[in-house]
Amino acid sequence: QVQLVESGGGLVQAGGSLRLSCAASGSILRINTMGWYRQAPEKQRELVAAMASGGDTNYADFVKGRFAISRDSAKNTVYLQMSSLKPEDTAVYYCNANVRSWNLKTSNYWGQGTQVTVSS
């Protein structure tokens, strides 16, 4: 089993910044892609940003130029630096990891979510 623990959410004013962290632990042989999704009330969960093990990144158009994803492979941790935050960025942010475990099975895992609230 693999656990993802997120931290760093909170309340911030529009234009402010927050940094989210997500640490993976457990039966990890290799982490392929790690990323962040978000879900606002009454909306579907959507991709925010993801990073492959080789460093390739994928960003949603609505965060390009404002958010930056990074990984510390030695710590099995992914970060999301969020800047120039807007009220519409308010959502629960979820960490996601595609992990190959020691039993050689590859599965997707989710964190518990962290609330980000941006006030106008």
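Biologist: What should I know before I start?

Modeller: The model is predicted, so local features need pLDDT of at least 70 and side-chain atom pairs count only at pLDDT 80 or more, while totals for chains, interfaces and linings use all residues. Residues are numbered from 1 along each chain as its sequence is written, and side-chain values use heavy atoms, with hydrogens and water left out.

Biologist: Which cysteines does the disulfide join?

Modeller: A disulfide is a covalent bond between the sulfur atoms of two cysteines. Here we count a pair of cysteine sulfur atoms within 2.5 Å. Cys 22 is joined to Cys 95, S to S 2.1 Å. Cys 22 sits in strand β3 (residues 18-26) and Cys 95 in strand β9, 73 residues apart; strands are DSSP runs of E, at least two residues, numbered from the N terminus.

Biologist: Are those two cysteines buried or exposed?

Modeller: Both Cys 22 and Cys 95 are buried. Buried means under 20% relative accessible area, exposed over 50%, and partly exposed in between (1.4 Å probe, protein chains only).

Biologist: Why is the disulfide called left-handed?

Modeller: Look at the torsion about the S-S bond of Cys 22 and Cys 95: about -80 degrees, so the disulfide is left-handed.

Biologist: How many bridges pair β4 with β5?

Modeller: Two strands pair if DSSP finds at least two bridges between them. Strands β4 (residues 30-39) and β5 (residues 46-51) have 5, running antiparallel. Arg 38 stands opposite Glu 46 in β5.

Biologist: Where is Trp 102?

Modeller: Trp 102 lies in the loop between β9 (91-100) and β10 (106-110). Trp 102 is exposed, with a relative accessible area of 59%.

Conventions: Helices (H or I, at least four residues) and strands (E, at least two) are DSSP runs, numbered from the N terminus.
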